[in-house]
Each structure stands twice: as C-alpha cells, then as structure tokens.
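Subject: Structure handover

Hello,

Here is the structure we talked about. Please open it next to this message, and my notes follow below.

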Amino acid sequence: MLRHPEKAHRPDNPIQRKPAWIRVKAPTHPIYHETRALMRENRLTTVCEEAACPNIGECWAERHATMMVMGDTCTRACAFCNVRTGLPGPLDADEPARVGDAVAKLGLRHVVVTSVDRDDLADGGAAHFAAVIRAIRAAAPGTTIEVLTPDFLRKPGAAEIVVEARPDVFNHNLETVPRLYPTVRPGARYYQSLRLLDGVKALDPSLFTKSGLMVGLGEERTEIMQVMDDLRIADVDFLTIGQYLQPSVKHAAIARFVAPEEFAEYAAIARGKGFLMVSASPLTRSSYHADADFAALRQARAAHRAPRAGR
C-alpha cells in the first residue's frame, strides 16, 4: 500500500542536501532502543516515527516519546507531512489505557499527545483525546499533559470536550502563513485554526495555549510577523518555529534553508510581541524539549503575573 497515494502522480521535487547546522546523527543510545521496545510492547504509534522527526534519537534517548493516537492513517493530505494518508480504521478503545501505562513506565514529567486528523469521526476524535488525558491522570498523576490536536474543522463542540478534560497545554499548529494554505495545508483553513486557539483560551483562560510554524516553504518575513500578531490577538502563550524538512520527492519542495541567526531574530521579535515562551531553531518541533519548555512556561507566567516592586 502506498503511504501517500494522493501524491503518486505529482512531479518529483529533488531533495536538497542539508546544511551542516541541520544534520543529526543516527540513533544509537541504548535507552533509545528501550523506548522503542516499550512503544512496540504497548502497541503505540508515535509521531516521532510517523513524521520522520529528526530529533528522535535525542528525545528517545531521554525517554521522551510523543504519542500519536487514533491510528497511523490521516484523512488529510498535507503537502509537508510524512504521516500516511487514507481511510483510518475504527478507534481502539484500549488505546488510552496503553498510553497511560507507557507514560507511567517511562516516568515522564511531561507528555505530548497528538493524533492524525480524523475527519471521519463526528467529533474529530475529541472524546478519544479526553479519554487519553483521563487515563494518563490515573496512571501517572504527577505527569503534566500537552495535547497537540487537529483543527476540528466542522466539528462543533469538539474543543469543549478536550478542554473539559483539562490538559495542561493545548497546542494546535498553524504550520504556515495563510497564503500557502491552498498548496501546503489544503484540507485546513487558517482562520479556523486561529478561532480554535482563541476559543480554547476563552473556554479556560488558565490553560496554556501553543502553536507552531514551519519556515523554508516560501513564506515572506512580513507574513511571519503577521502570523505572530494573529496568534497574540488569540492570546497564545507559546510559539515554536522550525525548519521544514522535505520527507520525500513527492512532498512540497524546500524553498530555502533558514540560517540559525534568522531563527534567533524571529525568537527575539516574538518575545517582543508578548509570547511567554518562544522556541525557534532549525530543529525545533512542537514537542522538542517540551518538558523543560513547559517548566519554563509556568515560570514565565508566574513572573509576568508577579507584582512589580514599588507597586
């Protein structure tokens, strides 16, 4: 079975040689293999593997795996994504318990749970997300939970179901600038994603919200600035920015590799716009260093709310 049947007849986009700053070593650490074995034992899917994340060796060597629930097949066909496209199977009622068990065995302080898009489900998988959150709370009550959800397009009430389960962080990635949505993220709508993030914060102002962008797809600097402003209007707390990496010749081409110095500039600008936390580097991904970043995020909110001396 083709992993991306919808892309089979597209012209090839040659994969460019990566610059030195974006190359990573093949995973060899023994704990990496232990983490991989645990995922297999619990019959779990990870976005680390399905999306071909370049940080898998580093993260799994620290027992940090990002769980991808509701199967390994997505109903969308984004031009940047390596996750399989097709008709997903039915939900696995035992999956939440297996995720909770794996989180407890890994001893995670913080876990990220994401999913494929499930446009075939009436609630987009929101109730399954809630069940996973409850299972992790039961199995590992000391673990903080970050969910990275789909956009729940045309799924009224879905966000409310997830928020009611009280994750610690609600993450939804905008991925790119509005102009590129028709070619890069054709099944999604930019303003729906913004409304989701804005609505989550309205439902629970205490909940941390987070979003991410890829660069190197042909976006302009001014467009990135506008996306930052849109996210701040939605009161998003945490922004991640990373380099797009092309999974195969059938995926969207890389327009350019963004230099580390430019990522540092984006980070400085984003902090100036009021984000509590910013992670911007060539290898930044939504769940990269998520545990340490969450601790820093809580500290940043506490510092922001603390009364200033002399007041």
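In which hand, left or right, does H4 pass H5? The crossing of H4 with H5 is right-handed. Bear in mind that this is a predicted model.

**Overall**

The protein has 11 helices and 9 strands. Its radius of gyration is 19 Å, close to the 19 Å that the globule rule gives for 311 residues, so the protein is as compact as a globular protein of that length. The C-alpha trace spans about 65 × 45 × 45 Å along the principal axes.

**The sheet**

Seven strands, or 7 in the order E1-E4-E5-E6-E7-E8-E9, form an open sheet. The pairing is parallel. E1 (67-69) and E9 (277-280) stand at the edges. Each has a single partner strand, so one side of each is left without a neighbour in the sheet. From one strand to the next, the twist averages 20°.

Look at E4 (residues 110-115) and E5 (residues 144-148). These two strands pair in the parallel sense over 5 bridges. For valine 112, the bridge partner in E5 is glutamate 146.

**H4 and H5**

H4 (residues 95-106) lies across E1 and E4. Relative to E1, H4 runs at about 175°. H4 also packs on a helix, H5 (residues 126-139): their axes come within 8 Å and cross at roughly 40°. That angle makes H4 oblique to H5.

Which residues of H4 and H5 meet? From H4 come Glu95, Pro96, Ala97, Val99, Gly100, Asp101, Val103 and Ala104. From H5 come His128, Ala131, Val132, Ala135, Ile136 and Ala139. By class, this contact has 10 nonpolar, 2 polar and 2 charged residues.

- H8 (residues 190-203) with H9: the axes come within 9 Å and cross at roughly 35°. Tyr190, Leu194, Leu197 and Asp198 of H8 meet Val227, Asp230, Leu231 and Ile233 of H9. By class, the contact has 6 nonpolar, no polar and 2 charged residues.
- H9 with H10 (residues 260-272): the helices pack at an angle of about 35°, with their axes 11 Å apart. H9 passes H10 in a right-handed crossing. On H9, the contact is made by Arg221, Ile224, Met225 and Met228. On H10, Glu262, Glu265, Tyr266, Ile269 and Ala270 take part. By class, this contact has 6 nonpolar, no polar and 3 charged residues.

Over to you.

Best wishes

Methods:
Residues are numbered from 1 along each chain as its sequence is written. This is a predicted model: local features need pLDDT of at least 70, side-chain atom pairs count only at pLDDT 80 or more; totals for chains, interfaces and linings use all residues. Side-chain values use heavy atoms; hydrogens and water are left out. Axes are lines fitted to C-alpha atoms, for helices over the stretch in contact, and angles run from 0 to 180 degrees between N-to-C directions. Helices (H or I, at least four residues) and strands (E, at least two) are DSSP runs, numbered from the N terminus. Contact means heavy atoms within 4.5 Å. Ala, Val, Leu, Ile, Met, Phe, Trp, Tyr, Cys and Pro count as nonpolar, Asp, Glu, Lys and Arg as charged, and the others, Gly among them, as polar. Two strands pair if DSSP finds at least two bridges between them. Angles under 35 degrees count as roughly parallel, over 145 as roughly antiparallel, 65 to 115 as roughly perpendicular and the rest as oblique. A crossing is left-handed if the near helix is turned anticlockwise from the far one by less than a right angle, and right-handed if clockwise. The radius of gyration is taken over C-alpha atoms; the globule rule is 2.2 Å times the number of residues to the power 0.38.
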